Amino acid sequence: MKEKTVRAAIAEIKKLFDKKIPMFGIGLGHELMALANGADTFKLPYGHRGASGPCKNLETGVLSIITQNHGYCVVRENLPAGMEVSYENANDKTIE
């Protein structure tokens, strides 16, 4: 995806956040929402590709098996104040 297109999408998502419009992002949508809120992303060494994997609900501890196919992840260490992590990959502890 071209960087210009991603910047435009982030700008539009910021506008929606400013209007308090509820959103739910999966995969790239999750990453773009995080970037629009000031978080950062990083490229996974191998990505989570073409397989199902365990995802942990951090509030309840419940594990679910989910289909994963992404190459980037949101950086946990520099999340903006007030942003909480709800789910993580049970294998490598990356944010889901």
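## Contacts of Asp-40

Leaving aside residues up to four places away in sequence, Asp-40 touches Leu-35, Cys-73, Val-74, Val-75 and Asn-78, where a contact means heavy atoms within 4.5 Å. This is a predicted model, in which local features need pLDDT of at least 70 and side-chain atom pairs count only at pLDDT 80 or more, while totals for chains, interfaces and linings use all residues. Residues are numbered from 1 along each chain as its sequence is written, and side-chain values use heavy atoms, with hydrogens and water left out.

Asp-40 lies in the loop between helix 2 and strand 1 (41–57). Helices (H or I, at least four residues) and strands (E, at least two) are DSSP runs, numbered from the N terminus. Asp-40 and Val-74 are 34 residues apart in sequence, yet their C-alpha atoms are 5.9 Å apart in space. With a relative accessible area of 37%, Asp-40 is partly exposed; buried means under 20%, exposed over 50%, and partly exposed in between (1.4 Å probe, protein chains only).

The buried residues of helix 2 are Glu-31, Leu-32, Met-33, Ala-34 and Ala-36. After helix 2 comes Gly-38, which has a positive phi near 95°.

Strand 1 and strand 2 run antiparallel and are joined by ten bridges; two strands pair if DSSP finds at least two bridges between them. Thr-41 stands opposite Val-74 in strand 2. Five residues lie between the strands of this hairpin, and Gly-61 there takes a positive phi near 80°.

## The largest pocket

The largest pocket has a volume of about 800 Å³. On a 1 Å grid over the protein atoms alone, a pocket is an open set of points where a 1.4 Å probe fits, with protein on both sides within 12 Å along at least five of seven lines; lining residues have an atom within 4 Å of a point. The volume is the space filled by probe spheres set on the points, which are joined across faces, edges and corners.

Of the 28 lining residues, Phe-24, Gly-25, His-30, Ile-95 and Glu-96 are the closest to the centre of the pocket. Helix 2 (28–36) and strand 2 (63–74) each supply at least two residues of the lining, and strand 2 gives the largest share, eight residues.

## The whole chain

The protein chain has two helices and three strands, in the order α-α-β-β-β along the sequence. Of its 96 residues, 29% count as buried. Its C-alpha trace spans about 35 × 30 × 20 Å along the principal axes.
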